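Here are my notes on the model you asked about. Have it open beside you as you read, and pick out each residue as it comes up.

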Amino acid sequence: MQARIQNPAMLLPDAVKAINLLYKAAHSAGVPTSTLELVHLRASQINGCSACVDSGARSARKAGETEERLFALAAWRETPYFTAAERAALALAEAATRLADRADAVPDEVWDEATRHFDEKELAALVLWIATTNFFNRLNATTRQPAPQIWG
């Protein structure tokens, strides 16, 4: 696949600054890095963003995530590998990514479960990170940004 244009965020220098600030804010609220990595990867899988799935899996591995959990992420509900807090974050990520799939985009039971594991500041970070991931996915999918070609 060939990109239609260079990544829009890279073409507009002020966008890079804003994205870096969003990243910093989302990662400074106390949500475990592993949870943020899983949320990013799961939303990217749903959106079919090859560049973000590739970079997200690589980033998660660098942060210490196991292959077992990464391989099972798409079926997280049916595996024993994720904590209750991670499951709540993943359910929130899926609902917030699939807004048009139901009349009540993020059902109360999904939100309530997230509030059992995360305080208000952490919830704000999760929602911001999910939104930022969806932003990345939309930029990349729209302009057909490819996953890096890594051989060998």
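1. First, some ground rules. This is a predicted model, where local features need pLDDT of at least 70, side-chain atom pairs count only at pLDDT 80 or more, and totals for chains, interfaces and linings use all residues. Residues are numbered from 1 along each chain as its sequence is written, and side-chain values use heavy atoms, with hydrogens and water left out.

2. Start with helix 6 (residues 84-97) and helix 8 (residues 120-142), whose axes come within 10 Å and cross at roughly 50°. Helices here are DSSP runs of H or I with at least four residues, numbered from the N terminus. Axes are lines fitted to C-alpha atoms over the stretch in contact, and angles run from 0 to 180 degrees between N-to-C directions. Helix 6 and helix 8 are therefore oblique to each other (under 35 degrees would be roughly parallel, over 145 roughly antiparallel, 65 to 115 roughly perpendicular, and the rest is oblique).

3. Contact means heavy atoms within 4.5 Å. Sorted by class, the contact of helix 6 with helix 8 has 7 nonpolar, 2 polar and 1 charged residues (Ala, Val, Leu, Ile, Met, Phe, Trp, Tyr, Cys and Pro are nonpolar; Asp, Glu, Lys and Arg are charged; the others, Gly among them, are polar).

4. Helix 3 packs on helix 6 too, at about 35° with the axes 9 Å apart, and this crossing is right-handed. Residues in the contact include Leu38, Val39 and Ile46 of helix 3 and Ala89, Leu90 and Ala93 of helix 6. The contact of helix 3 with helix 6 divides into 7 nonpolar, 4 polar and 3 charged residues.

5. Now turn to helix 7. Its angle with helix 6 is about 145°, and the axes are 9 Å apart; here the crossing is left-handed. Among the residues that meet are Ala88, Ala91 and Leu92 in helix 6 and Val110, Trp111 and His117 in helix 7. By class, the contact of helix 6 with helix 7 has 9 nonpolar, 1 polar and 1 charged residues.

6. What about the core? The largest nonpolar core has 34 residues, and Val39, Phe82 and Leu126 have the most contacts inside it. Such a core is a set of buried Ala, Val, Leu, Ile, Met, Phe, Trp, Tyr and Cys residues joined through side-chain atoms within 4.5 Å. Helix 8 gives the most to this core, with 7 residues. Leaving aside neighbours within four places in sequence, Phe82 contacts Leu38, Arg69, Ala72, Leu73, Trp76, Arg87 and Leu90.

7. Finally, is Ser44 buried or exposed? Ser44, in helix 3, is buried at 0% relative accessibility (buried is under 20% relative accessible area, exposed over 50%, partly exposed in between, with a 1.4 Å probe and protein chains only). Not counting residues up to four places away, Ser44 touches Cys49, Cys52, Val53, Thr133 and Asn137.

Note on methods: Helix = DSSP H or I, 4+ residues; strand = E, 2+ residues; numbered from the N terminus. Left-handed = near helix turned anticlockwise from the far one by under 90°.
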